[in-house]
Amino acid sequence: MSANYEVRGNVAVITLDNPPVNGLGHATRLGITDGLARAQADAAVAAIVITGAGKAFSGGADIREFGSPKALAEPNLLSVILVLEACSKPVVAAIHSVCMGGGLELALGCHYRVASPGTQVALPEVKLGLVPGAGGTQRLPRALGVENALNMIVSGEAVKSEMLAMAPGQKLFDKIIEGDLMTGVVAFAAEKAAEHSKGAALPLVRNLKATHPNADGFFQFARNTVGAMSRNFPAPLQCVEAVAAAVKLPFDAGMKREREIFISLMMTPESKALRHAFFAERATSKIPDVPADTPLRAVDKVAIIGAGTMGGGIAMNFLSAGIPVVTLEMKQDALDKGVATIRKNYEAQVKKGKLKADKYEQRMALLSTTLAYEDLKDADMVIEAVFEDIVVKEQVFKALDAVMKAGAILATNTSTLDVDKIAAFTKRPEDVIGTHFFSPANVMKLLEVVRGAKTAKDVLATVVALGKKIRKTCVVSGVCDGFIGNRMIEQYSRQAGFLLEEGCTPQQVDKAVEKFGFAMGPFRMGDLAGNDVGWYIRKRRYLEKPNLRYSKTADLLCEMGRYGQKTSAGWYDYVPGKRDAIPSKLVTDMIEKHRADLGITPRKISDDEIVHRLVYALVNEGAKIVEEGIALRASDVDMIYLTGYGFPLFRGGPMCYADTVGLFNVVQAMNRFAANPHDDAQFWQPAPLLARLAADGKSFS
Ligand code: NAI
C-alpha cells in the first residue's frame, strides 16, 4: 500500500507515500480509499487529513503506470474523488511543496484545503497535449475563479500557494499555514469536526458556481488569444472549451464534457507527440550497460581549450551552474576576445532583466584564463574546442595527456572527427569522450555525448550527470561520421540540393519546410550557420566517398563568396545588420545555369514531395543509426532533432512522425523517390530495420 494511516487524537491522517512525488498510482489510490473506509468506520475518528510524505503532496498521475492497465484500474482517480466527496466526516487536504495535476484534482475533491506557503500548484496536462481529466477543469474555476483558473489550465505553469490564496473570493485554500503543517492541519481538522458535529453541511467544490460577469465576451477573447498563441497545438483551445463548460453547464454535464475533450485529445497526433517527447526525454539518460548507481567522478572544476565560438558558449554553461572554469588559448588577445564575448552575452541578459547584476559578477568571478597547460592540472575535466583539424587536436590531446591529473575526463567538442582516433593520441583513452555541444552552446538544449570504443562507463555516467547539471538534454551517440544529428542532416542537405537541381528555388523549399513546422528551412539555416562550414566538411567527406553523388550548388554558392548572413549574401541577400532573407537573382541564375549544365529540365515539385523527401531522408538514416547501435533507441534520435535541429515538437521528432504516417506508407514513398532518375536510388533503399518494421506492421516506438 503506498499510503500510510495513523490516528492523531480524533483525526485520521492518510499520508501518500509513493516516492519520488507521491504519484497517484494504483496502490496509492487504493491506500486512500482504504484509509477513508477505516476512518469512516472508526467512531473515535471525527475528521480526516490527506497529505503527502517527503518532497510533495502529490505530483499527479504516476507516470510509470502510463499506458499500463494499472493506470485505469479501479479505483481510478475519478472514483477516489467521488469517495472523498461522499465521506461523512470532514476531509482536509494538507498541501505542501508540490501539488500538481491529479494531485490538485484530488485536493479539490476534499472538503477543505490548507497549504504551506511556497507550494507549487499547477494543472500541467496541457503540456502533454491534454486537458486535466479528473475534474480539474470543472472544479478549479469554481474554487479559484474563472480567469485565474483558465490561466493556470491553459499555461500549465505552476503558481505559488500564497499567491493563489490572495485571489479575491477564492475558495481554493481555506488557510495558508505558516510553520509546521501537520500541527496546524490537525488542529484545523479538529475544529472543523467540532463545527460539523453540530450538523453543518460539508462543503463541496462541485456545489460552488463558476461565474463570470461577461462570460461570452471573455471566452471569445480567450479563444482568440489562445488560438493565436497555440497554432499547432489543439489542447490549449480545448482547455478554454472545458472551462467554458464549467460556467455554462451544470457540474455533472461539465464533467462529461471534460471527459469527452480529454478522450478526443488523447487520440490527437499532437498529444501523442508531446507524450512521446516527455518519455523520450526521460529515456535518454538510461544507458543499458551503465547502471544508474555507477559511481561518478567528481567534477568541481572544468578546463576549456579554445575561447572561440564554441569554447565561450560552453564555458558559460558551467559558470551559470556555479562550476569554476579555466580557459586556455594560444594568444592573450584570443583570450581577451573570448572573455569579452562572454561578458557581452551575460550583460545582454542583465539588460533584459533575466540575470541579476550580482549573479553576473559571481559568475564572471568563477572564470580564469591562461596560456599555459600547467595551469590546467587541477581541473577535473577538460573540454577541447579548438579548430576542427585532426593535427591541431593531436597537439592539444598530447599536451593534455602530459599535464592533466589522473582520473581527469578529457572531452572533445569535435563535430566530425573520429573520437577514437583522438582518444588514441593519449595514453588514457578510457578517460576520453566526446561532448558535442550545439551552437550557440549557452542556449541550445542538446548535448550529444559521444561514447568512444574505450570510454569508461563511469566517465560516460559522469558526463551525462554533469550535462543534466548544466541543464542540457544529453543523448548518447556512438562514434561515426557526424554522430547522430549531423550524420542525418547530411542526407537531408543532399535532398535539399537535389530539389534545387530538379526545379525548386531555395525559398520554395524553405517555405514548405517551415509550413511543416520546422523553425527554419535548410537554406535559411545554412545562411545562419555559415555555408562555408558545410563546404569545408564536404571537401573532406566527399574526398573519402568519391562515388557519393551530391548537388554542387552549395559549393558553387561558396565559390561566389556567399557564405550567408556573415557576408550579407548566401542563398538569400541580406541587408547588413538585418536577418530578413531576400530572394537573390544571382542565386537563381546560378541554380538555373547548373541545372542546364546537368541537362535537367525543371519540373514543378509539390510541397508534400519537398517535405517528405527531406524528412524521410532523416528517417531512413535514423533507422540505420538505431540498427547500428549508434543511437540507443529511436526516441533518442527524436530528442536530438527536437532539441538540436528545430524539428517541430508537435510532430514528436522524425521517427515519431514516421510512426504517425505509418511505416508502410513511408516505405512506399521511399520506393517512389528511388525511381526518380535525378535522386540517389541507393540511398532510398529502406534501411533494413525500417523495411522489417514496415513489413510486420510495426512502428519505431
Ligand atoms: P572557432 O574558430 O570559433 O574557435 C576555435 C578557437 O580555438 C580559436 O579561438 C582558436 O584561437 C583556438 N585554438 C586553436 N588552436 C588552438 C590550440 N592549439 N590551443 C588553444 N587554442 C586553440 O571554432 P568553433 O566554431 O568554436 O569550433 C571549435 C570546435 O567545436 C571545432 O571542433 C568544431 O568542429 C566544433 N563545433 C563547432 C560548432 C559550431 O557551430 N561552430 C558546433 C559544434 C561543434
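Which of the 21 residues around the ligand come nearest? In this predicted model, where local features need pLDDT of at least 70 and side-chain atom pairs count only at pLDDT 80 or more, while totals for chains, interfaces and linings use all residues, they are Met310, Glu329, Glu388, Lys393 and Ser415, a residue being near a molecule if one of its heavy atoms lies within 4 Å of it. Residues are numbered from 1 along each chain as its sequence is written, and side-chain values use heavy atoms, with hydrogens and water left out.

The shell around the ligand is made up of 10 nonpolar, eight polar and three charged residues; here Ala, Val, Leu, Ile, Met, Phe, Trp, Tyr, Cys and Pro count as nonpolar, Asp, Glu, Lys and Arg as charged, and the others, Gly among them, as polar. Oxygen atoms of the ligand lie 2.5 Å from a polar side-chain atom of Glu388, 2.9 Å from a side-chain N or O atom of Asn413, and 3.3 Å from a backbone N or O atom of Val386, each a polar contact in the sense of a pair of N or O atoms within 3.5 Å. Of the 830 Å² of accessible area that the ligand has on its own, the protein covers 78%, as computed by the Shrake-Rupley method with a 1.4 Å probe. Two or more residues of the shell are given by each of helix 13 (309-320), helix 16 (390-403) and strand 15 (432-437), and helix 16 supplies the largest share, three residues; helices (H or I, at least four residues) and strands (E, at least two) are DSSP runs numbered from the N terminus.

The protein is divided into domain 1 (3-266), domain 2 (302-477) and domain 3 (485-695), with bounds from an automatic or database domain assignment. The centres of domain 2 and domain 3, taken over C-alpha atoms, are 30 Å apart, and the contact between them, meaning heavy atoms within 4.5 Å, takes 13 residues from domain 2 and 15 residues from domain 3. Together these two domains bury about 1100 Å², 61% of it on carbon and sulfur atoms, where buried area is the accessible area (1.4 Å probe) lost on putting the two parts together, summed over both. On the domain 2 side, Thr416, Leu446 and Val475 lose the most area to domain 3, together 37% of what that side buries.

Some backbone features lie in loops. The peptide bond from Ser439 to Pro440 is cis, with omega near -10 degrees, and Pro440 belongs to the loop between strand 15 and strand 16 (446-450). Arg471, although not a glycine, has a positive phi of about 65 degrees and is placed in the loop between helix 18 (457-469) and strand 17 (473-477).

Conventions: Polar contact = N/O pair within 3.5 Å; in protein donor to acceptor, adjacent residues only side chain to side chain.
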